[in-house]
Amino acid sequence: MGALLLVLAPLRMINESVLAIGRAIGIFAVAAMVIAILVQVFFRYVLNSALPWPDEAARFCMLWMTGLMAPTAFRRGGFVAIDTLVILLPKLLGSLLALFLLFVSLAVLVVAVQIGWSEVTGFAGRFATASLYVPTDLSLENWFRVPRSWMMASLVVGLIMLISVNVELILRAIVRMLGGADRLPAIPLDEKIGAE
């Protein structure tokens with residue numbers, strides 16, 4: 001069990017640091033998404049002249065927010081789960097079932113990363129977005145059309161972060177099954193986000 005705790009400690013610290021950065025960027029993405037939507041509502045309904053870019057900008061921000069925030073929710077147990085069977089089973093069997101499900105999740109995530117990477121680097125990733133441009137200099141005279149691969153990269157980044165969290169949760173489950181639950185540090189909750 002000591003070896004598991006030695007492996008778990010740096011992984012836990014890496015996850016805490018990376019997830020904190022992801023939450024900060026995710027919060028910015030939510031704010032940018034809301035601003036883009038409000039700009040579109042104002043132009044569409046007040047000025048009667050809809051802009052082409054806010055819908056795509058909001059979608060871009062939403063995908064990145066999801067990719068960066070989902071690992072935190074997974075780590076804190078914030079995903080919807082049907083755990084009735086795990087609770088009804090004897091403790092050891094319930095723990096084994098939960099561990100098995102974490103391994104199944106890991107396998108799905110690994111396959112999903114491969115699919116996501118092929119989307120980023122494949123045919124679809126070579127196209128540019130329809131209407132999302134960013135300035136390339138401060139004069140605002142030159143603009144760059146954002147590639148779709150940047151949007152799809154949110155999937156890959158989020159999945160890699162989910163794999164890291166999944167491995168941590170597997171190690172934590174094994175330590176608990178070996179009787180070391182009291183030696184596991186609690187997963188910190190960021191009270192600024194309001195998580196339970």
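Over residues 63-89 the chain is 67% helix and 0% strand, with the end C-alpha atoms 37 Å apart; helices (H or I, at least four residues) and strands (E, at least two) are DSSP runs, numbered from the N terminus. The model is a predicted one, in which local features need pLDDT of at least 70 and side-chain atom pairs count only at pLDDT 80 or more, while totals for chains, interfaces and linings use all residues. Residues are numbered from 1 along each chain as its sequence is written, and side-chain values use heavy atoms, with hydrogens and water left out.

Residues 150-171 are 100% helix and 0% strand, and their end C-alpha atoms lie 32 Å apart. According to UniProt (unreviewed entry), the feature "transmembrane region" is placed at residues 21-43, 63-89, 96-117 and 150-171.

Helix α1 (residues 2-46) packs with helix α2 (residues 54-75) at an angle of about 155 degrees, their axes being 7 Å apart. Axes are lines fitted to C-alpha atoms, for helices over the stretch in contact, and angles run from 0 to 180 degrees between N-to-C directions. α1 and α2 are therefore roughly antiparallel to each other, a term for angles over 145 degrees. The contact of α1 with α2 has 18 nonpolar, five polar and six charged residues. Here Ala, Val, Leu, Ile, Met, Phe, Trp, Tyr, Cys and Pro count as nonpolar, Asp, Glu, Lys and Arg as charged, and the others, Gly among them, as polar.

The axes of helix α4 (residues 91-121) and helix α5 (residues 148-177) cross at roughly 160 degrees and come within 9 Å. α4 and α5 are therefore also roughly antiparallel to each other. Their contact comprises 26 nonpolar, five polar and one charged residue.

Note on methods
Angles under 35 degrees count as roughly parallel, over 145 as roughly antiparallel, 65 to 115 as roughly perpendicular and the rest as oblique. UniProt positions are given in the numbering used here, feature names are shortened, and annotations may be inferred rather than shown by experiment.
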